Amino acid sequence: MPTLTKLFSWQEAAEHNTKDDCWIVVDGKVYDVSDYLDEHPGGDDVLLKAVGRDATDEFDDAGHSKSAIDLMKGFCIGEVDPTSEPPTSISEPKSFGDKPKPSVTDKLKEVQYWAIPVAVVGIAVVAGLLYCRKK
């Protein structure tokens, strides 16, 4: 007995673009990964950026293991209707859940995480060289 496959339009797949309702398309198949976002090793933002368009290249480039590909089969809910047209432009996902876009202050804090240790090491090297030079 043949398995019935649900067909979704590109538009329908693209409408499911929130953290609570996230669908992606890989190799013409539609996956509901809403329940997997928090467990995805690459982070939920990678999957949220993939909604509404063909994410096959990104999926293949990531070098997923056989077990990841097998796991993915459990999230398949259908296929993209081959007669539907992919959207010409993709809008920003509706919501990234509890992750707001980073502000300028957040970006400065990120710089501080690496800039301060690098400055301390640099000063220590210069001080060491000056100390050795005096001897």
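Reply: Buried means under 20% relative accessible area, exposed means over 50%, and partly exposed lies in between, with a 1.4 Å probe and protein chains only. This is a predicted model, in which local features need pLDDT of at least 70 and side-chain atom pairs count only at pLDDT 80 or more, while totals for chains, interfaces and linings use all residues. Residues are numbered from 1 along each chain as its sequence is written, and side-chain values use heavy atoms, leaving out hydrogens and water.

The sheet is open and mixed in its pairing, with 5 strands in the order E1-E5-E4-E3-E2. Its edge strands, E1 (7–8) and E2 (17–18), each pair on one side only. Here strands (E, at least two residues) and helices (H or I, at least four) are DSSP runs numbered from the N terminus, and two strands pair if DSSP finds at least two bridges between them. Strands of a sheet pair through backbone hydrogen bonds, either parallel or antiparallel. Strand E3 (residues 21–26) and strand E4 (residues 29–32) run antiparallel, joined by 4 bridges. Across this pairing, Trp 23 stands opposite Asp 32 in E4.

Turning to the cysteines, Cys 22 is buried, with a relative accessible area of 0%, whereas Cys 76 is partly exposed at 31%. The structure holds 0 disulfides, a disulfide being a pair of cysteine sulfur atoms within 2.5 Å.

Leu 129 is exposed, because its relative accessible area is 58%.
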